Amino acid sequence: MSQSVSASAESHRTSLADYRAALTAAGSRGAVIASLLARLPIAMIGISALLYVQRETGSFAAAGLVSAGSLVGVSVGAVVQGRLIDRFGPTRPLLTTTVLFALAMTALVFAIEAHAPTLVLVPLAFGTGITEPMVGSASRALWTRLLPAGPTRNAAFSYEAISMEVFFILGPGFAGLLIAAPWAGTGIVTGSLTMIAGAVLFALSPTVRAWGPSPSTGGKLLGALASPGMRTLAIAALGFGAVIGFVEVAVPAAATEAGNTSIGGLLLSAWSVSSVAFGVAYSLRPWPRQMGLRLPVLLAGFGALVALLALPGSLWGLALAMLAAGALITPQSTTHSAAIEIAAPKGTAAEAFGWVLTAVTLGLAFGQSISGYLVEHAGHEAAFLAAGGVGFALAAVVWLLRGTFRPRPAGAVAEAPELVGAAR
(Lines give C-alpha, C1' and ligand atoms only; values in the text may rest on other atoms or scores of the structure.)
Protein backbone atom coordinates (compact mmCIF):
# COMPACT_ATOMS: atom_id res chain seq x y z
CA MET A 1 0.00 0.00 0.00
CA SER A 2 2.76 2.46 0.95
CA GLN A 3 4.70 1.80 -2.24
CA SER A 4 1.64 2.25 -4.47
CA VAL A 5 0.75 5.63 -2.95
CA SER A 6 4.32 6.85 -3.26
CA ALA A 7 4.50 5.74 -6.87
CA SER A 8 1.27 7.58 -7.64
CA ALA A 9 2.54 10.79 -6.12
CA GLU A 10 5.85 10.41 -7.93
CA SER A 11 4.49 9.73 -11.43
CA HIS A 12 1.35 11.91 -11.18
CA ARG A 13 -0.18 9.81 -13.98
CA THR A 14 -3.91 10.28 -14.51
CA SER A 15 -6.69 9.37 -16.94
CA LEU A 16 -9.58 11.36 -18.36
CA ALA A 17 -11.96 9.37 -16.13
CA ASP A 18 -10.06 10.67 -13.11
CA TYR A 19 -10.80 14.25 -14.13
CA ARG A 20 -14.52 13.47 -14.33
CA ALA A 21 -14.48 11.73 -10.94
CA ALA A 22 -12.73 14.67 -9.29
CA LEU A 23 -15.05 17.35 -10.65
CA THR A 24 -18.16 15.38 -9.72
CA ALA A 25 -17.02 14.48 -6.20
CA ALA A 26 -19.55 15.11 -3.44
CA GLY A 27 -19.37 18.64 -2.10
CA SER A 28 -17.11 19.99 -4.84
CA ARG A 29 -19.54 21.74 -7.22
CA GLY A 30 -20.25 25.02 -5.41
CA ALA A 31 -16.67 25.54 -4.31
CA VAL A 32 -15.32 24.75 -7.78
CA ILE A 33 -17.63 27.28 -9.49
CA ALA A 34 -16.85 30.01 -6.95
CA SER A 35 -13.14 29.28 -7.23
CA LEU A 36 -13.33 29.67 -11.00
CA LEU A 37 -14.87 33.12 -10.61
CA ALA A 38 -12.31 34.21 -8.02
CA ARG A 39 -9.29 32.99 -10.01
CA LEU A 40 -10.49 34.06 -13.47
CA PRO A 41 -9.15 37.65 -13.22
CA ILE A 42 -5.75 36.85 -11.65
CA ALA A 43 -3.80 37.34 -14.88
CA MET A 44 -6.16 40.08 -16.03
CA ILE A 45 -5.52 42.25 -12.95
CA GLY A 46 -1.74 42.00 -13.21
CA ILE A 47 -1.52 42.80 -16.91
CA SER A 48 -4.21 45.48 -16.64
CA ALA A 49 -2.27 47.18 -13.85
CA LEU A 50 0.96 47.06 -15.86
CA LEU A 51 -0.67 48.50 -18.99
CA TYR A 52 -2.66 51.06 -16.95
CA VAL A 53 0.44 52.43 -15.22
CA GLN A 54 2.41 52.42 -18.47
CA ARG A 55 -0.39 54.37 -20.18
CA GLU A 56 -0.50 56.98 -17.41
CA THR A 57 3.28 57.32 -16.86
CA GLY A 58 4.63 56.51 -20.32
CA SER A 59 7.30 54.25 -18.76
CA PHE A 60 7.59 50.47 -18.86
CA ALA A 61 10.23 50.68 -16.12
CA ALA A 62 7.76 52.39 -13.75
CA ALA A 63 5.01 49.96 -14.75
CA GLY A 64 7.33 47.01 -14.09
CA LEU A 65 8.21 48.32 -10.63
CA VAL A 66 4.56 48.82 -9.70
CA SER A 67 3.68 45.34 -10.94
CA ALA A 68 6.64 43.93 -9.04
CA GLY A 69 5.44 45.67 -5.87
CA SER A 70 2.09 43.94 -6.20
CA LEU A 71 3.74 40.58 -6.75
CA VAL A 72 5.98 40.97 -3.72
CA GLY A 73 2.82 41.66 -1.72
CA VAL A 74 1.24 38.49 -3.09
CA SER A 75 4.35 36.53 -2.13
CA VAL A 76 4.02 37.64 1.49
CA GLY A 77 0.25 37.31 1.62
CA ALA A 78 0.27 33.80 0.16
CA VAL A 79 2.25 32.34 3.06
CA VAL A 80 0.51 34.32 5.78
CA GLN A 81 -2.95 33.54 4.44
CA GLY A 82 -2.02 29.90 3.82
CA ARG A 83 -0.95 29.47 7.43
CA LEU A 84 -4.13 31.18 8.67
CA ILE A 85 -6.25 28.97 6.42
CA ASP A 86 -4.60 25.84 7.79
CA ARG A 87 -5.12 27.09 11.33
CA PHE A 88 -8.65 28.52 11.21
CA GLY A 89 -10.16 27.22 7.97
CA PRO A 90 -10.62 29.41 4.87
CA THR A 91 -13.81 31.35 5.57
CA ARG A 92 -12.69 34.00 8.07
CA PRO A 93 -9.26 34.70 6.51
CA LEU A 94 -10.70 34.97 3.01
CA LEU A 95 -13.56 37.29 3.98
CA THR A 96 -11.19 39.56 5.93
CA THR A 97 -8.61 39.81 3.16
CA THR A 98 -11.31 40.40 0.54
CA VAL A 99 -12.50 43.53 2.36
CA LEU A 100 -8.92 44.77 2.74
CA PHE A 101 -8.22 44.04 -0.93
CA ALA A 102 -11.18 46.15 -2.03
CA LEU A 103 -9.92 49.10 0.04
CA ALA A 104 -6.32 48.73 -1.16
CA MET A 105 -7.30 48.48 -4.83
CA THR A 106 -9.49 51.58 -4.53
CA ALA A 107 -6.55 53.51 -3.08
CA LEU A 108 -4.23 52.35 -5.87
CA VAL A 109 -6.64 53.37 -8.65
CA PHE A 110 -7.13 56.83 -7.15
CA ALA A 111 -3.35 57.25 -6.85
CA ILE A 112 -2.79 56.27 -10.49
CA GLU A 113 -5.48 58.71 -11.60
CA ALA A 114 -3.82 61.43 -9.52
CA HIS A 115 -0.49 60.70 -11.29
CA ALA A 116 1.19 59.96 -7.98
CA PRO A 117 4.95 59.26 -8.19
CA THR A 118 6.26 55.72 -8.51
CA LEU A 119 7.47 55.83 -4.89
CA VAL A 120 3.81 56.13 -3.85
CA LEU A 121 2.39 53.65 -6.35
CA VAL A 122 4.76 50.80 -5.45
CA PRO A 123 3.74 50.50 -1.74
CA LEU A 124 0.07 50.85 -2.68
CA ALA A 125 0.53 48.03 -5.19
CA PHE A 126 2.19 46.01 -2.44
CA GLY A 127 -0.94 46.53 -0.37
CA THR A 128 -3.18 45.15 -3.11
CA GLY A 129 -0.93 42.12 -3.43
CA ILE A 130 -0.68 41.23 0.25
CA THR A 131 -4.46 41.46 0.65
CA GLU A 132 -5.39 39.60 -2.53
CA PRO A 133 -7.63 36.71 -1.37
CA MET A 134 -5.71 33.45 -1.84
CA VAL A 135 -8.57 31.37 -3.17
CA GLY A 136 -6.10 29.37 -5.27
CA SER A 137 -4.24 28.08 -2.20
CA ALA A 138 -7.48 27.17 -0.44
CA SER A 139 -8.94 25.58 -3.56
CA ARG A 140 -5.87 23.42 -4.14
CA ALA A 141 -5.75 22.36 -0.47
CA LEU A 142 -9.48 21.58 -0.48
CA TRP A 143 -8.91 18.59 -2.77
CA THR A 144 -6.78 16.88 -0.11
CA ARG A 145 -9.88 16.92 2.11
CA LEU A 146 -12.41 15.88 -0.52
CA LEU A 147 -10.42 13.11 -2.23
CA PRO A 148 -8.07 10.34 -1.09
CA ALA A 149 -4.50 10.25 -2.37
CA GLY A 150 -4.22 8.69 -5.80
CA PRO A 151 -5.02 9.33 -9.47
CA THR A 152 -8.29 11.18 -8.83
CA ARG A 153 -6.65 13.68 -6.51
CA ASN A 154 -3.79 14.04 -8.98
CA ALA A 155 -6.36 14.82 -11.67
CA ALA A 156 -7.85 17.49 -9.40
CA PHE A 157 -4.42 19.10 -9.04
CA SER A 158 -3.95 18.97 -12.81
CA TYR A 159 -7.38 20.57 -13.23
CA GLU A 160 -6.30 23.41 -10.93
CA ALA A 161 -3.19 24.06 -13.02
CA ILE A 162 -4.96 23.69 -16.37
CA SER A 163 -7.82 25.97 -15.35
CA MET A 164 -5.29 28.58 -14.29
CA GLU A 165 -3.75 28.41 -17.75
CA VAL A 166 -7.19 28.97 -19.28
CA PHE A 167 -7.39 32.11 -17.16
CA PHE A 168 -3.96 33.12 -18.42
CA ILE A 169 -5.33 32.73 -21.94
CA LEU A 170 -8.37 34.89 -21.24
CA GLY A 171 -6.88 37.37 -18.76
CA PRO A 172 -4.17 39.03 -20.87
CA GLY A 173 -6.51 39.08 -23.85
CA PHE A 174 -9.22 40.87 -21.87
CA ALA A 175 -6.59 43.22 -20.44
CA GLY A 176 -5.30 44.05 -23.91
CA LEU A 177 -8.81 44.79 -25.15
CA LEU A 178 -9.92 46.80 -22.12
CA ILE A 179 -6.80 48.99 -22.12
CA ALA A 180 -8.27 50.46 -25.32
CA ALA A 181 -11.51 51.42 -23.50
CA PRO A 182 -12.21 55.13 -22.94
CA TRP A 183 -10.83 54.76 -19.40
CA ALA A 184 -7.56 52.84 -19.08
CA GLY A 185 -8.47 51.60 -15.59
CA THR A 186 -11.46 49.59 -16.83
CA GLY A 187 -9.55 46.31 -16.84
CA ILE A 188 -8.15 46.52 -13.31
CA VAL A 189 -11.52 47.52 -11.82
CA THR A 190 -13.47 44.84 -13.71
CA GLY A 191 -10.99 42.17 -12.69
CA SER A 192 -10.98 43.25 -9.05
CA LEU A 193 -14.76 43.18 -8.78
CA THR A 194 -14.87 39.69 -10.29
CA MET A 195 -12.23 38.43 -7.86
CA ILE A 196 -14.05 39.93 -4.88
CA ALA A 197 -17.35 38.29 -5.85
CA GLY A 198 -15.75 34.89 -6.40
CA ALA A 199 -13.78 35.00 -3.14
CA VAL A 200 -16.89 35.79 -1.09
CA LEU A 201 -18.90 33.01 -2.76
CA PHE A 202 -16.06 30.52 -2.24
CA ALA A 203 -15.59 31.46 1.42
CA LEU A 204 -19.31 31.08 2.13
CA SER A 205 -19.88 27.82 0.22
CA PRO A 206 -21.01 24.94 2.50
CA THR A 207 -17.98 22.74 1.78
CA VAL A 208 -15.53 25.50 2.60
CA ARG A 209 -17.38 26.58 5.75
CA ALA A 210 -17.19 22.97 6.97
CA TRP A 211 -13.38 23.07 6.74
CA GLY A 212 -11.99 23.22 10.27
CA PRO A 213 -8.44 23.87 11.51
CA SER A 214 -5.67 21.35 10.83
CA PRO A 215 -2.87 20.31 13.19
CA SER A 216 0.41 21.31 11.54
CA THR A 217 3.57 19.22 11.64
CA GLY A 218 5.73 21.91 10.02
CA GLY A 219 8.34 24.02 11.81
CA LYS A 220 6.97 26.86 13.95
CA LEU A 221 8.75 29.60 11.99
CA LEU A 222 9.26 28.15 8.51
CA GLY A 223 6.17 25.95 8.60
CA ALA A 224 5.95 23.84 5.44
CA LEU A 225 9.26 25.28 4.23
CA ALA A 226 11.07 23.42 7.02
CA SER A 227 11.06 20.41 4.67
CA PRO A 228 14.21 20.20 2.46
CA GLY A 229 12.08 19.05 -0.48
CA MET A 230 9.82 22.09 -0.11
CA ARG A 231 12.86 24.37 -0.23
CA THR A 232 14.02 22.71 -3.44
CA LEU A 233 10.53 23.06 -4.88
CA ALA A 234 10.54 26.75 -3.94
CA ILE A 235 13.74 27.27 -5.96
CA ALA A 236 12.16 25.58 -8.99
CA ALA A 237 9.03 27.72 -8.61
CA LEU A 238 11.20 30.84 -8.27
CA GLY A 239 12.88 30.08 -11.59
CA PHE A 240 9.54 29.34 -13.24
CA GLY A 241 8.12 32.69 -12.09
CA ALA A 242 11.24 34.62 -13.05
CA VAL A 243 11.20 33.35 -16.64
CA ILE A 244 7.52 34.27 -16.99
CA GLY A 245 8.15 37.69 -15.42
CA PHE A 246 10.74 38.59 -18.04
CA VAL A 247 8.33 37.60 -20.81
CA GLU A 248 5.34 39.50 -19.36
CA VAL A 249 7.19 42.80 -19.77
CA ALA A 250 9.18 42.01 -22.90
CA VAL A 251 6.21 40.89 -25.00
CA PRO A 252 4.08 44.06 -24.49
CA ALA A 253 7.26 46.06 -25.14
CA ALA A 254 7.79 44.21 -28.43
CA ALA A 255 4.20 44.95 -29.40
CA THR A 256 4.62 48.63 -28.52
CA GLU A 257 7.84 48.85 -30.54
CA ALA A 258 5.93 47.36 -33.48
CA GLY A 259 3.26 50.08 -33.13
CA ASN A 260 0.46 47.81 -31.87
CA THR A 261 0.25 48.14 -28.08
CA SER A 262 -3.14 46.46 -27.65
CA ILE A 263 -1.92 43.18 -29.18
CA GLY A 264 0.60 42.67 -26.37
CA GLY A 265 -1.99 41.04 -24.10
CA LEU A 266 -3.20 38.81 -26.91
CA LEU A 267 0.36 37.66 -27.55
CA LEU A 268 0.70 36.67 -23.89
CA SER A 269 -2.45 34.60 -24.31
CA ALA A 270 -0.84 32.71 -27.20
CA TRP A 271 1.52 30.67 -25.08
CA SER A 272 -1.25 29.69 -22.67
CA VAL A 273 -3.13 28.06 -25.57
CA SER A 274 -0.37 25.50 -26.13
CA SER A 275 0.13 25.24 -22.37
CA VAL A 276 -3.41 23.93 -21.85
CA ALA A 277 -3.29 21.53 -24.80
CA PHE A 278 0.08 20.07 -23.90
CA GLY A 279 -0.68 20.13 -20.18
CA VAL A 280 -3.55 17.67 -20.50
CA ALA A 281 -1.44 15.28 -22.56
CA TYR A 282 1.49 15.62 -20.17
CA SER A 283 -0.63 14.74 -17.12
CA LEU A 284 -1.54 11.42 -18.75
CA ARG A 285 2.12 10.41 -19.03
CA PRO A 286 4.51 12.76 -17.18
CA TRP A 287 8.26 12.61 -17.83
CA PRO A 288 10.78 12.27 -16.26
CA ARG A 289 9.03 10.03 -13.73
CA GLN A 290 11.33 10.91 -10.82
CA MET A 291 10.33 14.23 -9.26
CA GLY A 292 13.92 15.18 -8.50
CA LEU A 293 14.68 15.05 -12.22
CA ARG A 294 11.35 16.32 -13.53
CA LEU A 295 11.63 19.73 -11.89
CA PRO A 296 15.05 20.75 -13.32
CA VAL A 297 14.42 19.21 -16.75
CA LEU A 298 11.17 21.12 -17.24
CA LEU A 299 12.65 24.40 -15.98
CA ALA A 300 15.75 24.12 -18.20
CA GLY A 301 13.62 23.31 -21.23
CA PHE A 302 11.36 26.26 -20.49
CA GLY A 303 14.34 28.61 -20.24
CA ALA A 304 15.70 27.38 -23.57
CA LEU A 305 12.40 27.89 -25.39
CA VAL A 306 11.95 31.37 -23.93
CA ALA A 307 15.49 32.38 -24.97
CA LEU A 308 14.49 31.52 -28.55
CA LEU A 309 11.82 34.28 -28.39
CA ALA A 310 14.68 36.71 -29.09
CA LEU A 311 14.99 35.38 -32.66
CA PRO A 312 11.70 36.30 -34.46
CA GLY A 313 11.71 39.64 -36.27
CA SER A 314 7.93 40.07 -36.45
CA LEU A 315 4.94 39.81 -34.12
CA TRP A 316 3.64 36.82 -36.09
CA GLY A 317 6.94 35.03 -35.60
CA LEU A 318 6.92 35.93 -31.91
CA ALA A 319 3.40 34.50 -31.55
CA LEU A 320 4.47 31.18 -33.09
CA ALA A 321 7.56 31.02 -30.87
CA MET A 322 5.40 31.68 -27.81
CA LEU A 323 3.15 28.77 -28.73
CA ALA A 324 6.22 26.52 -28.54
CA ALA A 325 7.49 28.00 -25.27
CA GLY A 326 4.07 27.81 -23.64
CA ALA A 327 3.96 24.02 -23.96
CA LEU A 328 6.01 23.71 -20.75
CA ILE A 329 3.98 26.04 -18.51
CA THR A 330 1.18 23.73 -17.32
CA PRO A 331 3.50 20.72 -16.95
CA GLN A 332 5.52 22.74 -14.46
CA SER A 333 2.43 23.92 -12.57
CA THR A 334 1.07 20.38 -12.25
CA THR A 335 4.51 19.12 -11.25
CA HIS A 336 4.67 21.71 -8.47
CA SER A 337 1.36 20.44 -7.08
CA ALA A 338 2.53 16.83 -7.29
CA ALA A 339 5.78 17.76 -5.55
CA ILE A 340 3.84 19.27 -2.64
CA GLU A 341 2.27 15.85 -2.08
CA ILE A 342 5.75 14.40 -1.62
CA ALA A 343 7.55 17.21 0.20
CA ALA A 344 5.07 19.10 2.41
CA PRO A 345 4.59 18.12 6.08
CA LYS A 346 1.12 16.77 6.84
CA GLY A 347 -1.42 19.43 7.77
CA THR A 348 0.33 22.24 5.87
CA ALA A 349 -1.37 21.88 2.47
CA ALA A 350 -2.57 25.49 2.13
CA GLU A 351 0.64 26.94 3.51
CA ALA A 352 2.79 24.71 1.28
CA PHE A 353 0.94 25.91 -1.78
CA GLY A 354 1.36 29.43 -0.40
CA TRP A 355 5.13 28.97 -0.34
CA VAL A 356 5.07 27.78 -3.96
CA LEU A 357 2.95 30.79 -4.91
CA THR A 358 5.32 33.03 -2.97
CA ALA A 359 8.31 31.67 -4.85
CA VAL A 360 6.57 32.07 -8.21
CA THR A 361 5.50 35.64 -7.47
CA LEU A 362 8.93 36.64 -6.16
CA GLY A 363 10.31 35.26 -9.40
CA LEU A 364 7.73 37.23 -11.37
CA ALA A 365 8.64 40.40 -9.45
CA PHE A 366 12.34 39.87 -10.13
CA GLY A 367 11.78 39.06 -13.78
CA GLN A 368 9.44 41.97 -14.43
CA SER A 369 11.64 44.56 -12.70
CA ILE A 370 14.83 43.45 -14.48
CA SER A 371 12.99 43.01 -17.77
CA GLY A 372 11.64 46.57 -17.59
CA TYR A 373 15.18 47.89 -17.27
CA LEU A 374 16.53 45.69 -20.08
CA VAL A 375 13.67 46.61 -22.41
CA GLU A 376 14.37 50.32 -22.05
CA HIS A 377 18.17 50.07 -22.24
CA ALA A 378 18.92 47.04 -24.43
CA GLY A 379 15.67 46.03 -26.15
CA HIS A 380 13.17 43.25 -25.63
CA GLU A 381 15.49 40.65 -27.19
CA ALA A 382 17.92 41.08 -24.28
CA ALA A 383 15.09 40.41 -21.84
CA PHE A 384 14.25 37.10 -23.53
CA LEU A 385 17.89 36.00 -23.45
CA ALA A 386 18.21 36.96 -19.78
CA ALA A 387 15.09 34.94 -19.01
CA GLY A 388 16.68 31.86 -20.55
CA GLY A 389 19.88 32.38 -18.57
CA VAL A 390 18.01 32.66 -15.27
CA GLY A 391 15.99 29.54 -16.06
CA PHE A 392 19.12 27.51 -16.80
CA ALA A 393 20.94 28.73 -13.68
CA LEU A 394 18.14 27.85 -11.27
CA ALA A 395 17.48 24.54 -13.04
CA ALA A 396 21.11 23.64 -12.32
CA VAL A 397 20.60 24.40 -8.62
CA VAL A 398 17.46 22.25 -8.51
CA TRP A 399 19.32 19.41 -10.21
CA LEU A 400 22.05 19.56 -7.56
CA LEU A 401 19.34 19.31 -4.87
CA ARG A 402 17.37 16.53 -6.59
CA GLY A 403 18.08 14.09 -3.75
CA THR A 404 15.76 16.01 -1.42
CA PHE A 405 12.74 14.45 -3.15
CA ARG A 406 12.14 11.01 -1.72
CA PRO A 407 8.58 9.58 -1.69
CA ARG A 408 7.29 9.08 1.83
CA PRO A 409 5.10 6.36 3.32
CA ALA A 410 1.38 6.53 2.57
CA GLY A 411 0.51 7.85 6.03
CA ALA A 412 2.78 10.83 5.57
CA VAL A 413 1.34 11.77 2.19
CA ALA A 414 -2.34 11.08 2.26
CA GLU A 415 -4.95 13.09 4.08
CA ALA A 416 -8.32 11.41 4.53
CA PRO A 417 -11.37 13.11 3.04
CA GLU A 418 -12.92 15.09 5.88
CA LEU A 419 -15.60 17.25 4.32
CA VAL A 420 -17.69 14.94 2.20
CA GLY A 421 -20.19 14.11 4.91
CA ALA A 422 -20.42 17.69 6.14
CA ALA A 423 -21.00 18.99 2.64
CA ARG A 424 -23.92 16.71 1.84
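User: Trp183 first: how accessible is Trp183?
Analyst: Trp183 has 34% relative accessibility, so Trp183 counts as partly exposed. On that scale buried is under 20% relative accessible area, exposed is over 50% and partly exposed is in between, with a 1.4 Å probe and protein chains only. Keep in mind that this is a predicted model, where local features need pLDDT of at least 70, side-chain atom pairs count only at pLDDT 80 or more, and totals for chains, interfaces and linings use all residues. Residues are numbered from 1 along each chain as its sequence is written, and side-chain values use heavy atoms, leaving out hydrogens and water.

User: Where do Tyr52 and Trp183 sit in the chain?
Analyst: Tyr52 is in helix 4 (residues 42–57) and Trp183 is in the loop between helix 9 (151–178) and helix 10 (186–204), 131 residues apart. Helices here are DSSP runs of H or I, at least four residues, numbered from the N terminus.

User: And Tyr52, buried or exposed?
Analyst: Buried, at 0% relative accessible area.

User: What's the geometry for Phe240 and Phe302?
Analyst: Their ring centres are 5.8 Å apart and the planes are at 40 degrees, so that pair is tilted. Phe240 belongs to helix 12 (residues 228–257) and Phe302 to helix 14 (residues 291–307). Phe240 is buried at 5%, and Phe302 is buried at 0%.

User: Switching topic: which residues touch the most other members in the largest nonpolar core?
Analyst: Met230, Val247, Trp271, Phe302, Val306 and Met322, out of 91 residues. Such a core is a set of buried Ala, Val, Leu, Ile, Met, Phe, Trp, Tyr and Cys residues joined through side-chain atoms within 4.5 Å. Helix 12 gives the largest share, 17 residues.

User: What about Asp18, where is that?
Analyst: In helix 2 (residues 16–23). Asp18 is buried yet has no salt bridge, and the nearest side chain of opposite charge, Arg20, is 8.5 Å away. A salt bridge needs a side-chain nitrogen of Lys or Arg within 4 Å of a carboxyl oxygen of Asp or Glu; Lys and Arg count as positive, Asp and Glu as negative, with His and the chain ends not counted.

Notes
Helices (H or I, at least four residues) and strands (E, at least two) are DSSP runs, numbered from the N terminus. Rings of Phe, Tyr and Trp (its six-membered ring) pair if their centres lie within 6.5 Å; planes under 30 degrees apart count as stacked, over 60 as edge-to-face and the rest as tilted.
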